[in-house]
Amino acid sequence: MTAATASADPRRAGRAGRAAPARPGIVALGVTRVGYEVKGYFRSPDAVFFTFLFPLVMLGIFTAAFSEAGEIVPAPGAEGITIGAYYLPGMLAAGVLLSGVQNLAVDIATEKGDGTLKRLGGTPLSPVSYFLGKIGQVFVTGVLQAALLLVAAATVFGIALPTDAESWMTFAWVFVLGLTASALLGIALSALPRTGKSATAVVIPIVLVLQFISGVYLQFNMLPEWMQNIASAFPLKWMAQGMRAAFLPDDFAVLEQHGTWDLGWVAIWLAVWLVVGLVISRVTFRWIRRDA
């Protein structure tokens, strides 16, 4: 088309001068999906009860059921704490695991089964944006869940929370590292169920067993040594131990497997599991199952 023709047709000239609208970037799409994922999460009653409210319910049950047993004392002459105060760190760690591993493993497996991932695979959405949306949802719901637990602990159950900055810094890095590792492991574990209908039957028993052997529902020092060794190979034990380091008096470190909080090993093991979850997610995740 010549310049004269273009000037004779102003509509074509205008279209030629306008640039095509830019597509949102990978990160922008991921951030946009966070809001969508959070709304979908809270619209699911099963997810809200079994992942969001479950640690709070269990903390209330343990506090009410065992409060008459008196305080837990780590050693003769040491200062004791209430049952609720002792179980609070474990419930915070369990909430991290439920928000990441159980929630994402079941959710993504269900989306594979009902064809959601197949439909998303035909859109401009990349797997990275999809991951960012899921992980962002885990962080939003995980932060809200932890805040709800802490507020209820202080106001409803009368549990004294730490007053020093060091304890809260320990809580912060254990929480962030544990939540990131749990989210990636949840994505990785979603490849295990063969169908969306079997997701809860496959994932929930794994998560439940880990909670029993990792010091969430049972005092870790009361478990047999072989069970402690098995639990030490999984991230929940280290998340619970890190949370206890943040919320329990230093005297309680003697009840840990090696008699100390071992925060260095807490960081190393959580970082290792974060990398494991990232690698497995990258290798196994597909918009459509290979055998579909």
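The model is predicted, so local features need pLDDT of at least 70 and side-chain atom pairs count only at pLDDT 80 or more, while totals for chains, interfaces and linings use all residues. Residues are numbered from 1 along each chain as its sequence is written, and side-chain values use heavy atoms, with hydrogens and water left out. The largest pocket has a volume of about 580 Å³, and a search of the whole structure finds two cavities of 30 Å³ or more.

- On a 1 Å grid over the protein atoms alone, a cavity is a set of points where a 1.4 Å probe fits but cannot get out; a pocket is an open set with protein on both sides within 12 Å along at least five of seven lines, and lining residues have an atom within 4 Å of a point.
- Points are joined across faces, edges and corners, and a volume is the space filled by probe spheres set on them.
- Helices (H or I, at least four residues) are DSSP runs numbered from the N terminus.
- Ala, Val, Leu, Ile, Met, Phe, Trp, Tyr, Cys and Pro count as nonpolar, Asp, Glu, Lys and Arg as charged, and the others, Gly among them, as polar.

**Pockets**

- The largest pocket has 26 lining residues, and S44, A47, N103, V106 and D107 lie nearest its centre.
- Two or more residues of that lining come from each of α3 (26-42), α4 (45-66), α5 (83-113), α6 (116-121), α7 (127-155) and α9 (199-213).
- With six residues, α5 gives the most to the lining of the largest pocket.
- By class, the lining of the largest pocket has eight nonpolar, 10 polar and eight charged residues.
- The second largest pocket, of about 460 Å³, is lined by 23 residues, of which P162, A246, F247, L248 and P249 lie nearest its centre.
- At least two residues of the lining of the second largest pocket come from each of α5, α8 (165-189) and α11 (235-247).
- The lining of the second largest pocket is made up of 14 nonpolar, five polar and four charged residues.

**Cavities**

- The largest cavity holds about 40 Å³ of space, and its lining consists of Y86, F220, N221, R244, L248, F252, L255, E256 and W261.
- Six nonpolar, one polar and two charged residues make up the lining of the largest cavity.
- The second largest cavity, of about 30 Å³, is lined by Y86, Y87, P89, G90, G215, V216 and R244.
- α5 gives the most to the lining of the second largest cavity, with four residues.

**Helix contacts of α5**

- The axes of α4 and α5 (lines fitted to C-alpha atoms over the stretch in contact, with angles from 0 to 180 degrees between N-to-C directions) come within 9 Å and cross at roughly 160°.
- α4 and α5 are therefore roughly antiparallel to each other, a label for angles over 145 degrees.
- The contact (heavy atoms within 4.5 Å) involves F50, T51, F54, P55, M58, L59, F62, T63 and F66 of α4, and I83, G84, Y87, L88, M91, G95, L98, Q102 and N103 of α5.
- This contact of α4 with α5 has 12 nonpolar, six polar and no charged residues.
- The axes of α5 and α7 come within 10 Å and cross at roughly 150°, which makes α5 roughly antiparallel to α7.
- In the contact of α5 with α7, the residues divide into 12 nonpolar, seven polar and three charged.

Methods
Parallel < 35°, antiparallel > 145°, perpendicular 65-115°, else oblique.
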